[in-house]
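Welcome, and please open your viewer. We will go from one selection to the next and say what sits at each stop.

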Amino acid sequence: MYHGVINVYKEPGYTSHDVVARLRGILRQKKIGHTGTLDPAAEGVLPVCLGQATRICDLLTDKDKTYQAVLLLGQETDTQDASGQVTGRFPVEISEEDLRRTAASFVGDYDQIPPMYSALKVNGKKLYDLARQGKEVERKPRRVQIYSLSVDWVDLPRAGLTISCSKGTYIRTLCFDIGRALGCGGTMEKLKRTRVERFNAEDSLTLAQIEALRDENRLDEVIIPVEEMFDCPKAYPKPRAAGLAENGNPIRTEDFSRLVSSQGDQMMPEDLSREGWLRVYGGKDQFLGIYEYSSKMGMWKPKKMFPGEMQQ
């Protein structure tokens, strides 16, 4: 079984679940999970967790992302993207300067109302199921962050945008809201995710490329080991505390015999941040899991454990 994270390039037409299903066949293993959905029409970076790495899917879902989108002004759809039914058409009587100024106004904290065509649940029901029944329910705004938003080109009624944002941001809703702010409506016509935290589009692999690497026995070259997904110090318990670590018990700082920074430098106990994480190792340099500091306990406690040998 493979353990680690692979940077997949999701091609248009596939759902994120389709990618996982295809990978299960290519890698011949069931334990696979993705780190956040991309709409079927969208393309781009989709980190996929394999084997024991499925334990960190939730941690990767929380990461910042970068997108390239094509905004089409002058119309709105029920899905807020080009796949939906047109619900309104409007004249585009704005200037390029108007567009750039309005787009820039969305940078920073932004209260975004999730679209009806989304997998979010209200009272236990997925919004897109309700939308397909012709129902619309009240959705509470969610605070998201737009770290940067550049208008790369303008050819009205279209414009190209590059957006870096926090988790939970709907780019099609952002396009819709920019259109509303301009008074002419807006729809997301195309979407490409170019980055998820450390994963970039230029380093990603299509399913066909992954299959070819499998046939060449070269998958180990592109699967990132679980321990390398964390940029935090390494900690090695003293013999007396080794059993505690291997069984996922809390550990005191003084029970570590050796500490190594993420840059490879030796550390002293007083150098440790009480707000960060540690990669804890057992015998034979075996990665055991991620620990975080509990000020209440005054000890390091497990956040994510990875039992058993993780070898490809």
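Select Ile-171 to begin: leaving aside residues up to four places away in sequence, Ile-171 touches Tyr-67, Ala-69, Ile-163, Cys-165, Met-188 and Leu-191, where a contact means heavy atoms within 4.5 Å. This is a predicted model, in which local features need pLDDT of at least 70 and side-chain atom pairs count only at pLDDT 80 or more, while totals for chains, interfaces and linings use all residues. Residues are numbered from 1 along each chain as its sequence is written, and side-chain values use heavy atoms, with hydrogens and water left out.

Next, colour the largest nonpolar core, which has 27 residues; Leu-99, Leu-149 and Ile-171 are among those with the most contacts inside it. Such a core is a set of buried Ala, Val, Leu, Ile, Met, Phe, Trp, Tyr and Cys residues joined through side-chain atoms within 4.5 Å. Elements giving two or more residues to this core include strand E4 (65-73), helix H3 (96-104) and helix H5 (171-182). H5 supplies the largest share, five residues. Helices (H or I, at least four residues) and strands (E, at least two) are DSSP runs, numbered from the N terminus.

Now select Ile-56, Val-196, Phe-287 and Phe-306: they belong to another core, of 23 residues, that lies apart from the one above.

For the last stop, pick Asp-58 in helix H2 (residues 57-61).

Conventions:
Buried < 20%, exposed > 50% of the residue type's maximum accessible area, 1.4 Å probe, protein only.
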